[in-house]
Amino acid sequence: MEFLYEKRARGFCIFLAALCILQTGFMGLSGLFQTYGLRRELIKREKAAASYLLDKEVPPSLLASAWNHTEVTEEGEAFMEKIGHTERTRSYLLLLAGQTSGWPLLFLTAEGILFSVVLLIGAAVFLQKRERLYEQAEAVVARYADGRFDAHLPEEGMGAVYRLFGKVEQLALSLRAKSESERSAREFLKQMISDISHQLKTPLAALGLYMEIMKEEAGNPETVKTFLYKSTCSLERLEQLTCALLKMARLDTGNIVFEKRRHFVSEIAARATAELAERAGMEGKALITEGAPEEQILCDLEWTKEAVGNLVKNALDHTRAGGTVRVGWNRSPALLWLTVEDDGCGIAPDDIHHIFKRFYRSRHSSDRQGAGLGLSLAKAIVEGQGGTLSVESSQGKGSVFRMSFPAP
């Protein structure tokens, strides 16, 4: 009886039940009317017979006795057979029934026809509504097949049909998610190709120019040496840029699986600053790490080192000679904080909300060689491991980048 959960099917069943009840009532009334007519005709015949016998001077007492007499004798049966009133012939009562059953028969026939017509009309209306429902569902499914998901299947009822509609809606959601994922992947690939093309254009053009100069100045060792050094720097920049773009692409497409394990924060800080310590010394800047050596963090060592290194490099890029860059860490009850702090030029108020955007470079920045990928890559790495990366800065006083990770 699960079909009764559906609103239209339930309504149709109620309609049929109501018709059946009305039909039963009409038939009962017809039977009552026919019984009443038969009784009235019987009384009429009894009155006529009594009148005839009284006219023939039959004593009323004898007539009353005859009317109330119930015993059947052989003489009585023989007399009735003689006058043609037996069970094998048309009897008095059969003649009476023939006179009283004509109009009820017509009434019952008309009632049956009306019942059938109403039933057929009700069934036709129900089936027509069901056909419209199926046509509507067909149109919506066709839109789903064309990749348009602005319409939805009806959901106003219960029953097998609406459960089927629900499953189709789930399938449509899956198709929509897949379609959007594919579209995002195409847009990402298009944007990535555009970004790579744009970012590689400058160093490649510079390399071409350096090659031309070295060819023209082949007899001048000093000039060749100078532009050979510049070519090497451009190649290094190309390598760094290509690696950064590939890492961003892997993070954006979800192809990175972070292998999180417990590591000492001091180890991460040491690895992140090892390659930059020499640069800091050459530029006259102090690079300091400070924090409890026993503190641990649950993270992917290589990727977290990459994020911290990018923040340290950014701090060195924006700190003048004689400045200090500090990498520190401390713990709260639920989080472990890892900070990179500098006393450099700081971040302009109109830039602070954009610095984590890919390829963003401030017009106030003195660093013209960076591609604007370091901070966005660091944020993607931290957030990919369930952490957060934020910044506080005062222009002219320095900046503090804070990474937070769930405490292990």
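## The model at a glance

Residues are numbered from 1 along each chain as its sequence is written. Since the model is predicted, local features need pLDDT of at least 70 and side-chain atom pairs count only at pLDDT 80 or more, while totals for chains, interfaces and linings use all residues; side-chain values use heavy atoms, with hydrogens and water left out.

The chain has 10 helices and seven strands. These are DSSP runs numbered from the N terminus (helices are H or I with at least four residues, strands are E with at least two). Of the chain's 408 residues, 30% count as buried. Buried means under 20% relative accessible area, exposed means over 50%, and partly exposed is in between (1.4 Å probe, protein chains only). Now look at contacts, meaning heavy atoms within 4.5 Å. Among the contacts in the chain with a separation of 6 or more, 69% come from residues 24 or more positions apart.

## Helix α8

Helix α8 covers residues 265–282, so to speak 18 residues, and reaches 26 Å from its first C-alpha to its last, close to the 26 Å expected. That expected span is 1.5 Å times one less than the number of residues. There is a bend of about 50 degrees at Ala-274, taken as the angle between axes fitted to the seven residues ending there and the seven starting there. Just after α8, Gly-284 has a positive phi of about 75 degrees.

Which residues of α8 are buried? They are Val-265, Ile-268, Ala-269, Ala-272, Thr-273, Leu-276 and Ala-280. These buried residues pack against several elements, including the strands β1 (261–264) and β2 (286–290), and also α9 (301–317).

Two packed helices are described by the angle between their axes and the distance between the axes. Here, axes are lines fitted to C-alpha atoms, for helices over the stretch in contact, and angles run from 0 to 180 degrees between N-to-C directions.

α8 and α9 pack at about 35 degrees, with axes 8 Å apart. Among the residues in this contact are Ile-268 and Leu-276 of α8, and Val-308 and Val-312 of α9. By class, the contact has eight nonpolar, three polar and seven charged residues. Ala, Val, Leu, Ile, Met, Phe, Trp, Tyr, Cys and Pro count as nonpolar, Asp, Glu, Lys and Arg as charged, and the others, Gly among them, as polar.

α9 and α10 pack at about 150 degrees, with axes 9 Å apart. The contact includes Trp-303 and Leu-311 of α9, plus Leu-375 and Ile-381 of α10. This time the classes are eight nonpolar, four polar and one charged.

Start with Ser-376, in helix α10 (residues 374–384). Ser-376 is buried, at 7% relative accessible area. Not counting residues up to four places away in sequence, Ser-376 touches Met-248, Phe-356, Lys-357 and Arg-358.

Next is Lys-247, in helix α7 (residues 221–252). Lys-247 is partly exposed, with a relative accessible area of 23%. Leaving out residues up to four places away in sequence, Lys-247 touches Trp-303, Glu-306 and Leu-377. Lys-247 and Leu-377 are 130 residues apart along the chain, yet their C-alpha atoms are separated by 7.8 Å.

Finally, Arg-143 sits in helix α5 (residues 102–145). Arg-143 counts as partly exposed at 25% relative accessibility. Apart from neighbours within four places in sequence, Arg-143 is in contact with Arg-148, Asp-150 and Ala-151.
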